[in-house]
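Subject: Structure handover

Hi,

Here is the structure for your set. Please open it first, then read my notes below.

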Amino acid sequence: MRLMPVVKRTDRMNFIAKLNMSGVTRFLLYVLIFFQPFNHFNSFREISFYALFAIFLGRMFKGEVKNIAFNDKTIIAISMLIGWSLLVSVSGPFPWESLNAVRKNLFKEVIIFLVIIMEFKSFRDIKPLFWVVVASFTAVTIASIIENIAKDWELFSTLTPAVSWRATSTYFFANYADNGTFYLPFIAAWLVSVKEMSWKKWIGAGTLMVGCVLIYIYNARTHLLTVFFVVFIIMLLAKKYKLVAVFVITAVLSISIVATSKYEGSSRYKTLLSTDTYTTDKGLTNRLGLWLVVVEIIKERPLIGYGYGWKKLASIIQEKDSDEFWGEYPPSARNYYVDDAQLMYGRVNPHNLPLQIIFEIGLIGFSIFLWLWGTVFWKIFKCARTGNDPQARKFIISSIGVIIAFVMVNITNSLWQECYGNMIFLFMAIVFVIHRETKADFL
C-alpha cells in the first residue's frame, strides 16, 4: 500500500497566508491604479497606497521579494534617480518642500514599480492589471460625459476658444486631456495585442473613440494631435492595415469637417494647419517667452537644479520680479507669470518636460532620467526580437506608441509626476515583467 505524503499543517498555513498576502497586495494595487485618473477620491488613493507600502515592506522583510533583481540596469537607474533627487533636494534652497514633493510623487512611483515587478511573474499573470487601467479610464470617460451633459449648454455656446470647455470643468473632466495622452494610447496598444473577452474589447474601443471626442471638446491641440498620431502609429506597428485605412479615412473626414466648420470652437484646431503654430510665440500659446524665463532661472543652478518638484518656480521668480527683469523677455512671459498667475505658489510651471526636469534636478538628473528610459528601450528592443509569447511581443511593440505620446505631449507640457508619473512607472514595470519572462524563456 502506497502512503500519501503528509503535508504539515504549518506548511499549509504558510501557503495560505502567502496566497492571501498576494491577493491583498493585488487588491490594493488595483484600487490604487483604478482611482489614478480621478481628480477626487484622494483618500482612496492614499489609504490603498500606504496599506500597499506596509504590506510590501512586510513581505520584503519576510524574504518573499524574490523577483526584484537589484543588479538590473533599470532598477539601478531608478535607484540613481531617487538618490540624486534626494541629494539635490536636501542641498537645494527649498529642502523641506522638495522632500515633500519626493514623498508625494517619486516615492509612490517607485513603490508602484517595485510592487508590480514583485507580484507579477508573466504577461499572462499581469493581464488583469491591463483591464484595471482600461476600466478606470472608461469610468472617468463616462463620468465626464455625464458631467458635461449636466452643465448649462447655453454656457457652452458662448465660450470662446480662449476659454474652452475645460474652464468650466472642475470634477471628472478636469485634466482629462492630460491623462488621455497616456490612457488612450495604452488602450489602443491593449486593443490590438491582448486577447480578451469581446465585451471588454468593445468597452475599450468605445472608450478610445469617445475619448478622442472628449479631448476635442476639451480644446487641447497638442493632446488631440498626439492621440491621433500615436493611435495611427500603434495600428501600423501592430500591422492592423484595415484599421489603418479606416482610421485614415476617418481622420481625413474629421479634418475636413473641422477646417470648414463655422463653429467658433473649431478655430483653435484650424491653427494646426499653419506653420506659425509651430514656429512663433503666439502659435505656441506664448510658451517661447515662458521657456526663456525658465532657461534663465536654470542658468544659476544648471547641474543640480533647485530640488525635486516644480511648484517652487513661482517663489524663485518672485525674487527677480522687476521691470528690468521682464524687459528682456516677450510681453507674453510677464502676462503668464505675473498678470495671470500673479506669481502664486504652484500656479506656474515650465510647460516643457526637459526644462522642468533640469530645473528640478539639473542636467545630471536629466541625464539619469534619459539613462532610465534607455534601459526601458533596450528591454523593449530585446522583447521585440526574442519574445515567444505572440501577445506579449505584439503589446511590447505597440507600446512604443505610449512612449511617443509621452514625448509629444511633453514638448508643450511637463507631465512626469502625479497621475501621469504613476502610470508611466506602471508602464515601465510592465515592460520589466515582460522582459524578465522573455529572458527566462530565451535562456
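Buried means under 20% relative accessible area. By that cut-off Arg-59 is buried, and so is Glu-119. Bear in mind that this is a predicted model.

Salt bridges first. The count comes to nine. Arg-59 pairs with Glu-119, with the closest N and O atoms 2.7 Å apart. Arg-59 sits in helix H2 (residues 42-61) and Glu-119 in helix H5 (residues 106-119), so the bridge ties together parts that are 60 residues apart in sequence.

Arg-26 bridges to Asp-125, closest N and O atoms 2.9 Å apart. Here the link runs from helix H1 (residues 9-34) to helix H6 (residues 123-149), so parts 99 residues apart in sequence are tied together. Arg-26 is buried, because its relative accessible area is 18%.

Lys-379 and Asp-72 form another salt bridge, at 3.0 Å between the closest N and O atoms. Lys-379 belongs to helix H18 and Asp-72 to the loop between H2 and helix H3 (73-91), so this pair spans 307 residues in sequence. Lys-379 is buried at 5%, and Asp-72 is buried at 16%. Through shared partners, salt bridges join Arg-26, Arg-59, Glu-119 and Asp-125 into one network.

Next, Gln-356. This residue is in helix H18 (residues 353-386). Its relative accessibility is 1%, so Gln-356 counts as buried. Its contacts include Trp-310, Ser-414 and Trp-416.

Last, the surface. Lys-195, Lys-239, Lys-240, Arg-393 and Lys-394 gather in a patch of positive charge. Lys-195 lies in the loop between helix H8 (176-193) and helix H9 (198-218). Lys-195 counts as exposed, at 64% relative accessibility.

Best wishes

Notes
Residues are numbered from 1 along each chain as its sequence is written. This is a predicted model: local features need pLDDT of at least 70, side-chain atom pairs count only at pLDDT 80 or more; totals for chains, interfaces and linings use all residues. Side-chain values use heavy atoms; hydrogens and water are left out. Patches are made of residues with over 30% relative accessible area and no salt bridge: like charges are joined within 9 Å, nonpolar side chains (Val, Leu, Ile, Met, Phe, Trp, Tyr) within 5 Å. Accessible areas come from the Shrake-Rupley method with a 1.4 Å probe; for residues, only the protein chains shown count as cover. A salt bridge is a side-chain nitrogen of Lys or Arg within 4 Å of a carboxyl oxygen of Asp or Glu. Lys and Arg count as positive and Asp and Glu as negative; His and the chain ends are not counted. The place of a charge is taken as NZ of Lys, CZ of Arg, CG of Asp or CD of Glu. Helices (H or I, at least four residues) and strands (E, at least two) are DSSP runs, numbered from the N terminus. Buried means under 20% relative accessible area, exposed over 50%, partly exposed in between (1.4 Å probe, protein chains only). Contact means heavy atoms within 4.5 Å. Lists of a residue's contacts leave out its neighbours within four places in sequence.
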